[in-house]
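Dear colleague,

I am passing on the structure below, and after it you will find some notes on what turned up. Please read them alongside the coordinates.

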Amino acid sequence: AQRTREMGIRMALGASPAKVMGDVLRRGLAMALVGLFVGVPLAMLISKLIASQLYGVGRTNPGAFIVGSILLMVVVVLACGIPARRATRIDVAAIIRED
């Protein structure tokens with residue numbers, strides 16, 4: 001909702017809705033990847049504590065890290081893609097007239 005005006009102006013200047021959506025998804029995925037590159041090594045460092053809290057989970061359970069990372073990426077795509085898709089369907093002229 002905060003970037004709807006920006007997306008409308010970009011489309012008014014000639015950007016396609018697919019390009020605008022791609023930019024939004026790229027930014028969201030970049031932030032998520034930074035989080036993964038920081039978070040996964042930190043999680044591995046504290047995996048001893050994690051293993052003591054969960055039954056049947058090994059000290060370095062790659063399955064848990066992989067499933068968690070994939071789930072995070074799915075949530076990021078949905079969290080960025082759904083609002084971006086909705087914003088690209090707005091009337092560009094109405095956005096520009098609001099000023």
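The notes below cover conventions, salt bridges, a helix and a serine.

This is a predicted model, in which local features need pLDDT of at least 70 and side-chain atom pairs count only at pLDDT 80 or more, while totals for chains, interfaces and linings use all residues. Residues are numbered from 1 along each chain as its sequence is written, and side-chain values use heavy atoms, with hydrogens and water left out.

The structure holds five salt bridges (a side-chain nitrogen of Lys or Arg within 4 Å of a carboxyl oxygen of Asp or Glu). One of them joins R10 to E6 (2.9 Å, N to O), and another joins R10 to D23, with the closest N and O atoms 3.2 Å apart. Because R10 lies in helix α1 and D23 in helix α2, the latter pair ties together parts that are 13 residues apart in sequence (helices are DSSP runs of H or I, at least four residues, numbered from the N terminus). D23 also bridges to R26 at 2.8 Å, and salt bridges that share partners join R3, E6, R10, K19, D23 and R26 into one network.

D23 is buried at 14% relative accessible area, whereas R26, at 52%, is exposed (buried is under 20%, exposed over 50%, partly exposed in between, with a 1.4 Å probe and protein chains only).

S47, found in helix α3, is buried at 2%, and a polar atom of its side chain lies 2.9 Å from the backbone oxygen of M44.

Best regards

Terms used: Helix = DSSP H or I, 4+ residues; strand = E, 2+ residues; numbered from the N terminus. Polar contact = N/O pair within 3.5 Å; in protein donor to acceptor, adjacent residues only side chain to side chain.
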